[in-house]
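The structure is shown first, and the account follows.

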Amino acid sequence: MAEESAGQERLDRITEIIAEQMGADVCSIYLFRDAETLELCATQGLNKEAVHQTRMRIGEGLVGRVARSKSPVNTADAPSAKGFRFMPETGEEIFSAFLGVPVQRLGEGLGVLVVQSKEARIYSEDEVYALEVVAMVLAEMTELGAFVGEGAALKALHTQQALFRGGTAQEGAAEGRVYLHEPRVVVTNPIAEDPHEELRRLEQAMETMRGSIDDMLSNVSKTTDKEQQKVLEAYRMFANSRGWVRRMEEDIALGLSAEAAVEKEQSATRTRMESVPDPYLRERLHDLDDLSNRLLRLLTGQGKDTGAEMPDQPILVARNIGPGELLEYGKKLKGIVLEEGSVGSHAAIVARAWAIPLVINAKRILTEALNGDHILVDGDQGVVHLRPEDAVAAAFRDKIAMQTQALSRYAEIRDKPAQSLCGTTISLHMNAGLMADLPSLENSGAEGVGLFRTELQFLTRARVPRRSELATIYGSVMDAAQGKRVVFRTLDIGSDKVLPYMKPQDEPNPAMGWRAIRVGLDKKGVMRMQLQALIRGANGRPLSVMFPFVAQFDEFREARQHLLDEIERERKLGHVLPEKVEIGAMLETPSLGFAPRQFFEMADFISIGGNDLKQFFFAADRENERVRKRYDTLNVSFMTFLQQIVQRCNETGTPLSFCGEDAGRPVEAMCFAAIGMRSLSMRPASIGPVKSLLRRTDLNEAKAVIEEAFQSGAQSVRPAVINWITGQS
């Protein structure tokens, strides 16, 4: 296998050796030509004319079955086995015994290795194991480009253009170069000549890793965090697993290098992770996967910091990433692509704050991307182009140029009011969560901060922030706002926003569980501390506080009273009190829309939290791509409900705003204004496009179009509104 030769020649030679050594009549290697199709790439014993001609879909035939299950198929009578597919061009109908094993690397299927015999027999456990070891080495050689040749199945990895479809977590478009958050460990020496030396290397790396885990456990034991202790103890238990170590030692005894043995076991672990339904067991397997990564980095010397320089125009590519890690990169990033992630994740919040595109759930991009690869991120469509062709890149640059041209037009109206043709003025505010967002207040033309997310100061720390720290931050936010109104939303944690130092809650449906104001009312100490910090941060200036995820009047009344009590306490202590205090609520649950009139009278202002309200109104989880896009914000039912909220606020004279992604979409924003909303809060980059459309619209005419759509029995007002806007322009 170490001989220098062309890809096809090397594959042919490997099939000859395996057939000869195993006493098999046939040895064949099938490799994927695309994500769904396998191709016969080399054979000893079948018709040579079938090479590169025979193809099958994943799951089709016994070979396809091995590829789909990522586990061996061993049968003495292949023609009668479940799923057998007869392929006359190969001449394999005369062979009874069949053994197929997956060729895979870290759970990613690359192909299938097969041996067959005329004699009806079941291959022994030793033979299955030996073939699995060979398949693993084949996978490493495939990764390293040992089998490059003509045809799609033998194309060089990491050289072809690739398209990934994910989900949109933040709109926008960016072109740049890949920067991997955790570069993949590459095993360059799959085979070793001295098993004793490899066993010594493995043992040394295991000792180093166990020592680092013991150190972590020792540090945690000095604290009172029992939950973290339990996690690390389970972690240490896996690190000391004799079964895991024994399997790696057996692989080394059969000729693998220490790192190849670790990777072989890691690949098996990842395959098991895919098939385990129990979330607890899957999490434990994930621990084992993580330990394997640590071990591989020790053995290869490839730490997280590989010395790779951040390229110009960096696009961060990662499996997932926490807010602290992301913030360390600063604003240098031009875009983010995640294999996992969610629309409400910390990464999404930061990406919105930085106004850079974020695509989530881009499956398998980590197995394909390399540091420095040319990449295009289309956050509008949730699409990523890796190593794109020139024509694709040119079309993409045209899109970016058009967006840039539009931005220059928006700059011209930055200081002008969002006044419609009928003379109605809409207040446009921005959402923020970081000090770094505040310069956008002036640059975007926002009239104030309609939502300042206070949870980011909690999420990016390893401990609860001190009251004095928070007071300083809140004061700095008000300083940066230069007298413009800032609405501080109290701590909104739970659901997808879990504090690193807070005991995790294993809830079946966290979005509807213990979160936001529910946590605050149960953990009164934390709420009081934050309210005190807000009062002190205001330092005599006007203060606007908004409580999130209020589901019933009593919750708001209790939270409001807590704030009033803290103001009284600060007064008795002789501290400077805010010049004026406004206390509001986020309306994110349908139940609050039907609250008693007293709620609307008591609230100084109400902000509709569109993202959560929509998911609960339609019973459609916004993290679930299959149902999230099924429901339209401009659906007649939802718009009717919003109209009712507008009417109730008008009756009590309660200021109302709409806050969320939809407020930043020009068509939706115009419809909200048409049904009576006079304040919208959005990400800074959306203010220009929204203002531009509002200034070109007669809201009375728009309302008439919406009312007509209501009466027509249409499911959504969108088609009618789009037609009307198109006819106007």
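Lys264 has a relative accessible area of 12% and is therefore buried, where buried means under 20% relative accessible area, exposed over 50% and partly exposed in between, with a 1.4 Å probe and protein chains only. The model is predicted: local features need pLDDT of at least 70, side-chain atom pairs count only at pLDDT 80 or more, and totals for chains, interfaces and linings use all residues. Residues are numbered from 1 along each chain as its sequence is written, and side-chain values use heavy atoms, with hydrogens and water left out.

Lys264 belongs to helix H7 (residues 258–275); helices (H or I, at least four residues) and strands (E, at least two) are DSSP runs, numbered from the N terminus. Leaving out residues up to four places away in sequence, Lys264 touches Tyr129, Glu132, Val133, Met136, Asp251 and Leu256, contact being heavy atoms within 4.5 Å.

Two loop residues can be described in the same terms. Thr490 lies in the loop between strand E18 (486–489) and helix H16 (517–522). The contacts of Thr490, not counting residues up to four places away in sequence, are Thr454, Glu455, Gln530, Leu531, Val545, Met546, Phe547 and Pro548. Val576 is in the loop between H18 and strand E20 (581–587). Val576 and Gly537 are 39 residues apart in sequence, and their C-alpha atoms are 9.9 Å apart in space.

| Residue | Relative accessible area | Class |
|---|---|---|
| Thr490 | 5% | buried |
| Val576 | 47% | partly exposed |
| Cys649 | 1% | buried |
| Cys659 | 4% | buried |

The count of disulfides is zero, a disulfide being a pair of cysteine sulfur atoms within 2.5 Å.

An α-helix has 3.6 residues a turn, so residues three or four places apart point the same way. Gly23 follows H1 and has a positive phi, near 65°.

There are 14 aromatic pairs in the structure. Rings of Phe, Tyr and Trp (its six-membered ring) pair if their centres lie within 6.5 Å; planes under 30 degrees apart count as stacked, over 60 as edge-to-face and the rest as tilted. Phe549 and Phe616 form a tilted pair, because their ring centres are 5.8 Å apart and their planes are at 55°. This pair links distant parts of the chain, 67 residues apart: Phe549 is in the loop between strand E19 (543–547) and helix H18 (553–572), and Phe616 is in helix H21 (residues 610–617). Both Phe549 and Phe616 are buried. One aromatic cluster is formed by Phe594, Phe617, Phe618, Tyr631, Phe638 and Phe641.

Arg485 lies over the face of Phe605, 4.9 Å from the ring centre. A charge sits over a ring if NZ of Lys or CZ of Arg is within 6 Å of the ring centre and within 35 degrees of the ring normal.
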